[in-house]
Amino acid sequence: RLQHTLLKSPEFNVKKLELLILDEADRLLDMGFQQSLNSILERLPKLRRTGLFSATMSTEVAALARAGLRNPRQVTVTVEGAKKKT
């Protein structure tokens, strides 16, 4: 919906956007939204804070982070006593 709004509504101005949150990035990519996400990121200001959250760090999520984030930082959360998947 955001991509459609950016393309079809010239009065929708994102020049002052300071913060973008992409939650469940892995799911968005799994559902085939890679092209839409790239299109949206191209239209947003380069100087912004972006939070990209994902339960997994796949190759596709890493590529999205490289393409859409400046100076990305990765935070990994491990639950104590949780069994590691093998």
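These legends describe close-up views of a predicted model.

**View 1. The buried side of helix 4.** Helix 4 spans residues 59-68. Its buried residues are Val61, Ala62, Leu64, Ala65 and Gly68. They lie on the same side of helix 4, because they cover an arc of only 160° around the axis. An α-helix has 3.6 residues a turn, so residues three or four places apart point the same way.

**View 2. The other side of helix 4 and the cover over its buried residues.** Thr59, Arg66 and Ala67 are exposed, on the other side of helix 4. Cover over the buried residues comes from elements including helix 2 (25-30), helix 3 (34-43) and strand 2 (49-52).

**View 3. The largest pocket.** Its volume is about 1,100 Å³. The lining counts 33 residues, and Leu52, Met57, Arg73, Gln74 and Val75 are the closest to the pocket centre. Helix 3, strand 2 and helix 4 each supply at least two lining residues. Helix 4 gives the most, with 5 residues. By class, the lining holds 14 nonpolar, 10 polar and 9 charged residues.

**View 4. The second largest pocket.** This pocket holds about 220 Å³ of space. Arg1, Leu2, Gln3, His4, Ile21, Leu22, Leu28, Phe33, Ser36, Leu37 and Ile40 line it. Helix 1 (2-8), strand 1 (19-22) and helix 3 are the elements that give two or more residues to this lining. By class, the lining of the second largest pocket has 7 nonpolar, 3 polar and 1 charged residues.

Note on methods
Residues numbered from 1 in each chain as written. Predicted model: local features only at pLDDT ≥ 70, side-chain atom pairs only at ≥ 80, totals over all residues. Heavy atoms only, no water. Buried < 20%, exposed > 50% of the residue type's maximum accessible area, 1.4 Å probe, protein only. Helix = DSSP H or I, 4+ residues; strand = E, 2+ residues; numbered from the N terminus. Arc of directions from axis to C-beta. Contact = heavy atoms within 4.5 Å. 1 Å grid on protein atoms, 1.4 Å probe; cavity = no way out; pocket = protein on both sides within 12 Å on 5 of 7 lines; lining within 4 Å. Points joined across faces, edges and corners; volume = space filled by probe spheres on them. Nonpolar A, V, L, I, M, F, W, Y, C, P; charged D, E, K, R; others polar.
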